[in-house]
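Hi everyone, thanks for coming.

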Amino acid sequence: QVQLVESGGGLVQPGGSLRLSCTAPGIMFTYYNMAWYRQAPGNQRELVASINRYGTTNYTDAVKGRFSISRDNARNTVYLLMNSLKPEDTAVYYCYAGHRYTYWGQGTQVTVSA
């Protein structure tokens, strides 16, 4: 059973930064499209950012210019650097890996509050 392992969440003040990490042991990482989703209380899970196997990235409009997704294939790890955080970024953030199979992480809480 593959389990994606996320880290890096926490409490940060508005305007601050966090970097989320997601490690994906046991999969052919270089073949996988990777993404970060988030889910706030009462909301549906939404796609935040994605990076495909070729390194092409996409972002939801709400985070463009503030968040950056990257991957390190040698470490089977995908990152989400979040700058200029806003209270509306508060959510549980989930890592996703998709190719022949799909996998999810357990989620990491990000809280943006003064």
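Let me start with a question: in what order do the 4 strands of the open sheet come, and is the pairing parallel or antiparallel? Before I answer, a quick reminder that this is a predicted model. The order is 1-3-8-7, and the pairing is antiparallel. At the edges you find strand 1, residues 5-7, and strand 7, residues 67-72, each of which pairs on one side only. Neighbouring strands in this sheet are turned by 15 degrees against each other on average, ignoring direction.

Strand 3 pairs with strand 8, residues 77-82, in the antiparallel sense, over 6 bridges.

Next, the disulfide. A search of the whole structure turns up 1 disulfide. The partners are Cys22 and Cys95, with their sulfur atoms 2.1 Å apart. The link between Cys22 and Cys95 is left-handed, with -85 degrees about the S-S bond. What does the pair tie together? Cys22 lies in strand 3 (residues 18-23) and Cys95 in strand 9 (residues 91-98), so parts that are 73 residues apart in sequence are tied together. And are these cysteines buried or exposed? Cys22 has 0% relative accessibility, so it counts as buried. Cys95 is buried too, again at 0% relative accessibility.

Let's zoom in on Leu80. Leaving out residues up to four places away in sequence, Leu80 touches Leu18, Arg19, Leu20, Trp36, Val48, Ala49, Phe67, Ser68, Ile69 and Tyr93.

One last stop, and it's an arginine. Arg66 sits in the loop between strand 6 (57-59) and strand 7. Its relative accessible area is 11%, and because the cut-off for buried is under 20%, Arg66 counts as buried. What does Arg66 touch, not counting residues up to four places away in sequence? Its contacts are Leu81, Met82, Asn83, Ser84, Leu85, Lys86 and Asp89.

That's my tour, and I'm happy to go back to any of these spots.

How values were computed. Residues are numbered from 1 along each chain as its sequence is written. This is a predicted model: local features need pLDDT of at least 70, side-chain atom pairs count only at pLDDT 80 or more; totals for chains, interfaces and linings use all residues. Side-chain values use heavy atoms; hydrogens and water are left out. A disulfide is a pair of cysteine sulfur atoms within 2.5 Å. Helices (H or I, at least four residues) and strands (E, at least two) are DSSP runs, numbered from the N terminus. Buried means under 20% relative accessible area, exposed over 50%, partly exposed in between (1.4 Å probe, protein chains only). Two strands pair if DSSP finds at least two bridges between them. Axes are lines fitted to C-alpha atoms, for helices over the stretch in contact, and angles run from 0 to 180 degrees between N-to-C directions. Contact means heavy atoms within 4.5 Å.
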